[in-house]
Amino acid sequence: MSESQTGGGDGDRAPFYILAIETSCDETAAAVVANGSAVMSSVVSSQVDLHARFGGVVPEIASRAHVELLPPVVAEALVEAGLDGDGVDAVAATVGPGLVGSLLVGVSAAKAMALVWGVPFVGVNHLEAHLYGALLEEPDLRLPVVVLLVSGGHTMLVVMEDHGRYRLLGETIDDAAGEAFDKVARFLGLGYPGGPAIDRLAMEGDPGAIAFPRAMLDEGYDFSFSGLKTSVITHVRKEPDLAVADVAASFQEAVVDVLVTKARRAARDIGARGMALAGGVAANSSLRERFLDACIEDGLQAFLPARANCTDNAAMVAAAAWWRLRLAGPTPLDAGADPNLRLPVA
Ligand code: KG4
Ligand code: ZN
């Protein structure tokens with residue numbers, strides 16, 4: 001068990017600026033972060049409009065869009081931070097998991113800049129970056145912290161024991177929470193991406209209207225959301241006149257119930273000092289409210305990042321890169337991208 005500062009305690013030394021790039025999926029992002037926690041700039045260009053008419057991300061379109069969008073996004077991040085290439089101390093990029101073509105755009109650009117400027121390149125795991133996104137605004141970090149990482153591709157309960165040292169308590173055995181939001185939204189005709197659409201509509205509905213199943217609620221730390229998705233579809237087909245807002249609110253309530261119950265139990269079981277929310281689904285209004293209530297009730301430090309730090313961004317990549325660089329040094333320039341990269345867990 002350790003106590004540490006995300007800021008790194010560098011005293012009077014000149015700030016260490018990391019330029020980070022994130023292109024693992026459909027956001028083209030760049031950020032400059034000083035000493036791992038002071039965000040000088042964070043620019044995100046979303047490709048949502050390009051993919052919406054296909055109902056999901058089209059990998060080939062995503063990688064081509066990254067090629068076009070990355071140079072202006074990087075330029076804007078540098079200008080906003082008041083830096084030119086000379087002031088950058090390291091360049092980081094997400095190396096996985098994600099869409100391989102999209103990853104390679106960011107990784108190649110980051111390596112090229114690192115080479116030209118003669119500074120280290122740091123390859124960052126996207127999941128580790130999400131963990132740091134949750135802690136970015138929190139200089140006073142007391143470990144261990146239980147992190148509920150809920151995104152479009154992942155749903156995990158992770159114990160952060162120290163920087164770079166994680167323990168996986170549980171994960172989804174089928175769909176990720178964000179995937180369930182997106183699939184249910186698509187079925188309800190709410191468009192893409194589904195999470196924000198369900199979030200908005202649920203505010204007008206009754207979360208107690210339909211008692212959807214809470215799978216594996218009392219069993220360990222793993223999750224399952226595929227049965228819930230099927231249950232929503234079956235229910236709506238049987239009762240087509242149901243108010244869509246009630247379906248959205250009841251579905252969201254079932255997801256949030258399971259997520260908060262398990263995170264809370266995990267924090268109690270391991271004697272955590274705090275709980276953190278990470279990943280795109282952490283932007284969900286109901287999840288944020290219930291998560292915060294649970295932390296207050298259980299006397300836990302709550303790490304509830306701003307919505308912009310939950311969904312994909314490059315500031316979280318820079319924060320993770322700061323610790324990666326300290327713990328493991330630079331990443332060799334011949335290292336590639338890995339679309340199936342896992343979180344390095346004990
Ligand atoms: O972390 P993220 O931006 O990308 C991945 O790494 O997957 O997460 C995207 C996921 C999508 O499934 C999206 O529907 C979901 O996060 N999401 C939300 C909300 N905002 C984004 N889910 C529920 N409520 C939201 N407000
Ligand atoms: Zn993500």
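A polar contact is a pair of N or O atoms within 3.5 Å; within protein, one atom must be able to donate a hydrogen and the other to accept it, and residues adjacent in sequence count only if both atoms are side-chain atoms. The model is predicted, so that local features need pLDDT of at least 70 and side-chain atom pairs count only at pLDDT 80 or more, whereas totals for chains, interfaces and linings use all residues. Residues are numbered from 1 along each chain as its sequence is written, chains are lettered from A and ligands numbered from 1 in the order in which they are written, and side-chain values use heavy atoms, with hydrogens and water left out.

A backbone N or O atom of G178 lies 3.2 Å from an oxygen atom of ligand 1. A polar side-chain atom of D182 is found 2.7 Å from an oxygen atom of the ligand, and a polar backbone atom of D312 is 3.2 Å from an oxygen atom of ligand 1. Taken alone, ligand 1 exposes 560 Å², of which the protein buries 87%; these areas come from the Shrake-Rupley method with a 1.4 Å probe.

Ligand 1 is surrounded by 18 residues, the closest being G152, D182, D199, G280 and N284; a residue is near a molecule if one of its heavy atoms lies within 4 Å of it. Helices α4, α5 (177-187) and α6 (194-202) each supply at least two residues of this shell. Helices (H or I, at least four residues) and strands (E, at least two) are DSSP runs, numbered from the N terminus.

The zinc ion (ligand 2) is coordinated by H126 (NE2), H130 (NE2) and D312 (OD), at 2.0 to 2.1 Å. Donors are N, O and S atoms within 2.8 Å of the metal (3.2 Å for Na, K and Ca), and water is not among the atoms, so sites may look incomplete. Along the chain, the donors of the zinc ion follow the spacing H-x3-H-x181-D.

H130 counts as buried because its relative accessibility is 1%, and D312 is buried with a relative accessible area of 16%. Buried means under 20% relative accessible area, exposed over 50%, and partly exposed in between (1.4 Å probe, protein chains only). Helix α4 is mostly covered, with ten of its ten residues buried; among them are H126, E128, H130 and Y132. At the start of α4, a side-chain oxygen of N125 reaches to within 2.8 Å of the backbone nitrogen of L127.

Several loops have backbone features of note. A cis peptide bond with omega of about -10° joins G96 and P97, and P97 is in the loop between β5 (90-96) and α3 (100-117). A cis peptide bond also joins L143 and P144, with omega of about 5°; P144 is placed in the loop between β7 (140-142) and β8 (145-150).

Although N35 is not a glycine, its phi is positive, at about 50°. N35 is found in the loop between β3 (27-34) and β4 (38-46), and it counts as buried at 17% relative accessibility. M216, also not a glycine, has a positive phi of about 55° and lies in the loop between α6 and α7 (226-238).
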